[in-house]
Each structure stands twice: as structure tokens, then as C-alpha cells.
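Welcome, and thanks for taking a look at this one with me. Here are a few notes to read alongside the picture.

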Amino acid sequence: MQIAPSILTADFCELGKLMEELVSEGIDWIHLDVMDGNWVINKTITFGPSLVRSIRQKLGPEIFIDCHLMITNAEETWEQYVDAGVNLVIFHIEAVNDANVLIDNLHSSGCQAGIVLNPDTPASEVLPYLSKLDLVLVMSVVPGKGGQSFMPEMESKIREFRLAINNQIDSGGLPTKLMIDGGIKHYNASLVKSWGIDVAVIGSGIINDNGTVEENLKEITSAL
Ligand code: DX5
Ligand code: ZN
């Protein structure tokens, strides 16, 4: 299982240093949480395309960057994130009118496409798009902030996606990746791995846990 750090709870004045630490620890995937002050229930604003572009410039072309869009107008603004240099745009199924069009637009622009669903959204809302998706993200917290408690009841939804993706791969389809986001720490990382997760987003468990970034990452990877 791959680890994708989220920088949401970082000290934004120290982002460059954090990026260097993460890369020197072998991290090759960064998860960027974009909130527009409107879509998430707590109305948080995080950052937009300018910071995404700076992070791409800092990291160089080798690091995989995904953008988790928690915004009302992904269908109008997705191109700004592609232009800023992300490899994968993940949009909320609850926030778009026509997921097929957005997936096709992303693919035509050379960007990977992912769909994310809230804890109370059933898998059936996303399964019709699975054969076209590079990634499915299951939220294990209500989106809006870092440091929330993990929702273990997401297990059945994750297993449903794992089964559908395995069937898709067995019949020659896309190897859609399965990602989880929210409340993952060193003590539950191996549990979600056992459910068949390919990529786990981890924010506060890397940045705000007891040790340094290096120590926290080592604790997580040794638990895997
Ligand atoms: C929540 C974000 C998550 C979050 C993860 O809205 O999508 O990426 O920052 O942070 P932790 O790992 O602290 O739950
Ligand atoms: Zn996220």
C-alpha cells in the first residue's frame, strides 16, 4: 500500500522544508486538498492553483500529485489544476452535474481522472463510471478538515469497490486504484491495507503525530 501525504495540517510557511523531508523519506505521491470556502460543510478555504503550481515547481516532474477538489465548480475550474501541473484530478460525485463529461475532458487534456465519495454516498453512485476511472477515493471522514476520527464502517463500501475493481481487471479492464482518505494513522494503516486499499492519504498522522515527520513515517511503514 502506497502512502500519499496530505499537507492540510502543515505550517504553510514551512511547506518547502516539509516537501524536502517527505521526498527524502521516499514519498513519491502528494495529496493536495482544495476547498473553496463553500462546498465543505465547515466552509473552509485551503488553497488554489497558485500554491499547487509552486508545489509542482518545488517537487519537479517525478513526484505524482493529485488534487482532491472539494469545490462547487469543478466542472468550470478543473483546467486550472491541470495547468498547475497535477497528474490526477479527483472530484466529488456529489458536486458535479455530468461526471462522464468531466472524466473525458480530463483525459483529453492528458490528466488522470478520479472520483471521490462522501461517507454517506453509496458505492452505486460511482460504480457506473468505474471502467473509465484511474482512481476511486473513499472518504473515511466527512471532508472539511484534517485530524478527524476514522470511520471503520467504511469497510463494506471499500470491499465492494475492491471486488468490482478486481472483476474489472480480470476481464481486461483498467486497473483503477482504490484510495482512502481521513483518519489513517500508524495503528489502523495495516487494517485498511487488509481491505485492499492501494493508496492511503495520511495528513495529521505524518505531520502532527508524536514524532518528527521522519519518525512518524517510519512508524507507519513499519506497521505495514
Ligand atoms: C479531509 C481531507 C483529508 C485530510 C486528511 O477533508 O480530504 O485529505 O486532510 O487528514 P487526516 O489524515 O488528518 O485525517
Ligand atoms: Zn483529501
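**Notes on ligand 1 and its surroundings**

1. Let's begin with the ligand. Ligand 1 has 20 residues around it, and the closest of them are Asp-33, Gly-147, Asp-181, Gly-203 and Ser-204. Please keep in mind as you look that this is a predicted model.

2. Another is His-31, where the distance from a side-chain N or O atom to an oxygen of ligand 1 is 3.5 Å.

3. The backbone takes part too. A polar backbone atom of Gly-147 lies 2.8 Å from an oxygen atom of ligand 1. How much of the ligand does the protein bury? On its own, ligand 1 would expose 380 Å², and the protein buries 100% of that area. You will find ligand 1 sitting in the largest cavity.

4. Next, the make-up of the shell. Its residues divide into 10 polar, 7 nonpolar and 3 charged.

5. Where in the fold do these shell residues come from? Three strands, β2 (29–35), β3 (64–70) and β8 (199–202), each give at least two residues to the shell around ligand 1. The largest share comes from β2, which supplies 3 residues.

6. Now step back to the whole chain. The chain contains 8 strands and 8 helices. Along the principal axes, its C-alpha atoms fill a box of roughly 40 × 35 × 35 Å.

7. Does the chain's radius of gyration agree or disagree with that of a compact globule? The chain has 224 residues, so a compact globule would have a radius of gyration near 17 Å; the chain's value of 16 Å agrees with this.

How values were computed
Residues numbered from 1 in each chain as written. Chains lettered and ligands numbered in written order. Predicted model: local features only at pLDDT ≥ 70, side-chain atom pairs only at ≥ 80, totals over all residues. Heavy atoms only, no water. Near = heavy atom within 4 Å. Polar contact = N/O pair within 3.5 Å; in protein donor to acceptor, adjacent residues only side chain to side chain. Areas by Shrake-Rupley, 256 points an atom, 1.4 Å probe, with all protein chains shown as cover. 1 Å grid on protein atoms, 1.4 Å probe; cavity = no way out; pocket = protein on both sides within 12 Å on 5 of 7 lines; lining within 4 Å. Sits in = over half its atoms within 2 Å of the grid points. Helix = DSSP H or I, 4+ residues; strand = E, 2+ residues; numbered from the N terminus. Nonpolar A, V, L, I, M, F, W, Y, C, P; charged D, E, K, R; others polar. Rg over C-alpha atoms; globule rule 2.2 N^0.38 Å.
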